[in-house]
Amino acid sequence: MVSMDPPVSRAGVLTLIGGELALDFANTCSGRGFDTHQDHLRRPEDVATWAAHAKILAADDANWLAQEAAARQALGGRLLDEALSLREDVFQVGAAVAAGRPAPPERIESLTKTHAGALSRARLTPIGDNFGWTWSPREAPVEAIVGPISLSALTLLQQADLTRVKQCQGEKCGWLFFDATKNKSRRWCEMEVCGNRAKQKRFARAHAR
């Protein structure tokens with residue numbers, strides 16, 4: 001497979017269309033299995049950049065983590081490895097659910113273990129009128145990113161209408177999203193992108209005939 005990764009990562013500007021944090025994280029890679037494949041998490045710093053973009057980390061914490069991950073090989077390696085492993089778990093489970101297939105048990109187990117590990121570094125903190133799990137980015141930088149993402153994935157699997165989890169029908173796309181439309185009619189990650197491409201192809205075929 002020929003990689004089409006751009007020279008500069010777009011981790012900080014990717015459109016967040018998934019409707020759920022975990023699905024947006026899975027969408028940091030697109031075109032899996034095709035020559036148009038793009039991966040926007042190629043360095044530990046990219047993970048920190050995306051975390052700020054998705055509002056998991058504050059900008060100053062993300063900048064600190066990017067610098068630390070670049071300077072400390074062990075931290076950077078762990079951050080990137082755990083992020084990519086979690087991303088693949090979320091994608092494989094999400095794609096299976098979207099297709100109406102059973103979720104791979106090994107991916108569910110891996111996802112559960114990731115979250116359990118992150119919880120060991122979490123605090124239960126008052127948030128509004130309730131409580132929620134929070135992580136200190138300076139004390140547990142890896143968990144501060146994989147914790148909220150894995151929590152999002154598990155909450156989705158436990159509490160959401162999974163018939164609304166879909167995979168974009170655009171050619172060579174593969175992005176996942178939660179369809180919040182009233183009649184579950186959404187087909188594309190973005191109508192302006194994949195939807196328009198499909199319309200243009202249909203028009204071209206009709207014109208050729």
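This is a predicted model: local features need pLDDT of at least 70, side-chain atom pairs count only at pLDDT 80 or more; totals for chains, interfaces and linings use all residues.
Is C194 buried or exposed?

**View 1. C168 and C194, two cysteines without a disulfide.** C194 counts as buried, with a relative accessibility of 4%. C168 is also counted as buried, at 6% relative accessibility. The closest cysteine sulfur to that of C168 belongs to C194, and the separation is 3.7 Å. A disulfide requires the two sulfur atoms to lie within 2.5 Å, so 3.7 Å is too far for a bond. Seen from C194, the nearest cysteine sulfur is that of C168, and C194 is in no disulfide. The structure as a whole holds zero disulfides.

**View 2. Helix 3, residues 59–71, with its buried and exposed faces.** The helix has 13 residues. From first C-alpha to last it reaches 18 Å, close to the 18 Å expected at 1.5 Å a residue. Its buried residues are D61, A62, L65, A66 and A69. Viewed down the helix axis, these buried residues fall within an arc of 135 degrees, so they line one face of helix 3. The face turned away from that buried side carries the exposed residues A59, Q67, A70 and A71.

**View 3. The largest cavity and its lining.** Two cavities of 30 Å³ or more are found in a search of the whole structure. The largest has a volume of about 90 Å³. Its lining consists of A22, L23, V90, V93, G94, V97, L111, A153, L156, L157, L162 and V165. Helix 1 (21–26), helix 4 (73–98) and helix 6 (141–159) are the elements that give two or more residues to this lining. Helix 4 provides the largest share, four residues. By class, the lining of the largest cavity comprises eleven nonpolar residues, one polar residue and no charged residue.

**View 4. The second largest cavity and its lining.** This cavity holds about 30 Å³ of space. The residues that line the second largest cavity are L14, T15, L16, D24, N27, T28, W50 and W175. Four of these lining residues are nonpolar, three are polar and one is charged.

Technical notes:
Residues are numbered from 1 along each chain as its sequence is written. Side-chain values use heavy atoms; hydrogens and water are left out. On a 1 Å grid over the protein atoms alone, a cavity is a set of points where a 1.4 Å probe fits but cannot get out, and a pocket is an open set with protein on both sides within 12 Å along at least five of seven lines; lining residues have an atom within 4 Å of a point. Grid points are joined across faces, edges and corners, and a volume is the space filled by probe spheres set on the points. Ala, Val, Leu, Ile, Met, Phe, Trp, Tyr, Cys and Pro count as nonpolar, Asp, Glu, Lys and Arg as charged, and the others, Gly among them, as polar. Buried means under 20% relative accessible area, exposed over 50%, partly exposed in between (1.4 Å probe, protein chains only). The expected span of a helix is 1.5 Å times one less than its number of residues. The arc is that of the directions from the helix axis to the C-beta atoms.
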